[in-house]
Amino acid sequence: MKNWKKALALVLALVCVLTMVSCKKETTTYKFASGGTSGTYYAVANAMAPIIGNAAGMTIRVDSTGASKANIQLINNGEVDFAIVQNDVMDYAYSGTDLFAGEQITSFATVGAVYAEVCQIIATPDIETVADLKGKTVSIGDSGSGVEFNAIQILAAYGLTKEDITVVNADFGNSSEQFKNGSIDAFFCTAGAPTTNITDLASSAKEFKLLTIDDEHIAALKADYPFYSAYSIPAGTYSGIEEDAQTVAVKATIICKADLPEADVYAFTKALFDKKAELEGAHAKFKELNLEYATDVGSVPFHAGAQKYFDEVK
């Protein structure tokens, strides 16, 4: 009798375990494209992934990538589900212009902007304005990068073209090193401020200044490229920079595949704002996150899940 009762108890326990396992919802894993391992995109994505994943009931795996343009292409190819990109590069892809000339991509949707990516122009102390870059040797970022287009557009606002400067195409790290050794007179860097390469430069013996963009030229830029916004880099952001430097910025924006389930993108977006305090503790860039900033992005439509959340809270 005792053996029979023990056997029944074991069977019932096994049934309970199997029932619990069968009823447990599987966690969906989503791939999130970021940027290079030394960049802000990668750090922001890794800070965000576990917090939003836990809150939204999903697993988010962060991939290191070539950043904005590559991320949009990865989404279009179905290799990743979410990504962080510059909102100007989004605009190029969606309209098939500039960086995406002849390669229109509309397979992605907007989730929301997170923080400002600031167009920072580093120059030797003898250069006073962007107009003074004429005849100088200037790094305008990697060839075909979003930074290069920012540089070309800013130069154009001052009546300059690539032909007016000696062009160097180099990433931020190489640009900083070439500036230190005197190989170039200036370089463009579109990134969150402060950004590591300029902070390192400021800690070296090399003197530099941050060039400013005045109201007139900002207005001219925005008239042609509405994705720009005015931005002031506060004094003290970098050692030795003792005055605010007005420039322009684009927005680091989260996008996703347009065909992701509405419920999942809603959960992701809701977690992004519900967990803002926790996200701020994980990375300082989330201090810039707010509803108004997140929803003023540009031409690419919001995913239905993100739009549902914004409709509820605005």
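Tutor: Helices here are DSSP runs of type H or I with at least four residues, strands are runs of type E with at least two, and both are numbered from the N terminus. The model is predicted, and by that rule the protein has twelve helices and ten strands.

Student: Why does Pro261 count as partly exposed?

Tutor: The relative accessibility of Pro261 is 41%, and the class in question lies between the 20% limit for buried and the 50% limit for exposed, so Pro261 counts as partly exposed. Setting aside neighbours within four places in sequence, Pro261 is in contact with Tyr30 and His303. Between Pro261 and Thr247, which are 14 residues apart in sequence, the distance from C-alpha to C-alpha is 38 Å.

Student: Why does Thr137 count as buried?

Tutor: Buried means under 20% relative accessible area, and Thr137 has 19%, so the value falls under the limit and Thr137 counts as buried. This residue is found in strand S5, and beyond its neighbours within four places in sequence Thr137 is in contact with Thr166, Val168, Ser183, Ile184, Asp185 and Ala186.

Student: Why do the buried residues of H3 line one face of the helix?

Tutor: The buried residues of H3, which runs over residues 68–76, are Ser68, Asn71, Ile72, Leu74 and Ile75. Viewed down the axis of H3, these buried residues fall within an arc of 160 degrees, so they line one face of the helix. They pack against strand S1 (28–33), helix H2 (40–56), strand S3 (82–86), helix H4 (87–95), S4 and strand S10 (245–257). After H3 comes Gly78, with a positive phi near 75 degrees.

Student: What puts the buried residues of H6 on the same side of that helix?

Tutor: In H6, residues 172–180, the buried residues are Ser175, Ser176 and Phe179. Around the axis they cover an arc of only 100 degrees, and therefore they are on the same side of H6. Their cover includes strand S4 (108–123), strand S5 (137–139), strand S7 (186–191) and helix H7 (196–202).

Student: Which residues are buried in H4?

Tutor: In H4 the residues Asn87, Asp88, Val89, Met90, Tyr92 and Ala93 are buried, and what covers them includes H3, S3, S4, helix H5 (146–157) and S10. Just after H4, Gly96 takes a positive phi of about 65 degrees.

Student: Why is Cys189 too far from the closest cysteine sulfur for a bond?

Tutor: A disulfide requires a pair of cysteine sulfur atoms within 2.5 Å, whereas the sulfur of Cys189 is 9.3 Å from the closest cysteine sulfur, that of Cys119, so this pair is too far for a bond. Under the rule, the count comes to zero disulfides.

Student: Why are Cys189 and Cys256 both called buried?

Tutor: The limit for buried is under 20%; Cys189 has a relative accessible area of 1% and Cys256 has 0%, so each meets the criterion.

Student: What is the omega of the peptide bond from Ala193 to Pro194?

Tutor: The omega of that bond is near 5 degrees, and the bond is cis. Pro194 is found in the loop between S7 and H7.

Student: How many residues of the protein count as buried, as a percentage?

Tutor: Of the 314 residues, 46% count as buried. The protein exposes about 14,500 Å², of which carbon and sulfur atoms supply 51%.

Methods. Residues are numbered from 1 along each chain as its sequence is written. This is a predicted model: local features need pLDDT of at least 70, side-chain atom pairs count only at pLDDT 80 or more; totals for chains, interfaces and linings use all residues. Side-chain values use heavy atoms; hydrogens and water are left out. Buried means under 20% relative accessible area, exposed over 50%, partly exposed in between (1.4 Å probe, protein chains only). The arc is that of the directions from the helix axis to the C-beta atoms. Contact means heavy atoms within 4.5 Å. Accessible areas come from the Shrake-Rupley method with a 1.4 Å probe; for residues, only the protein chains shown count as cover.
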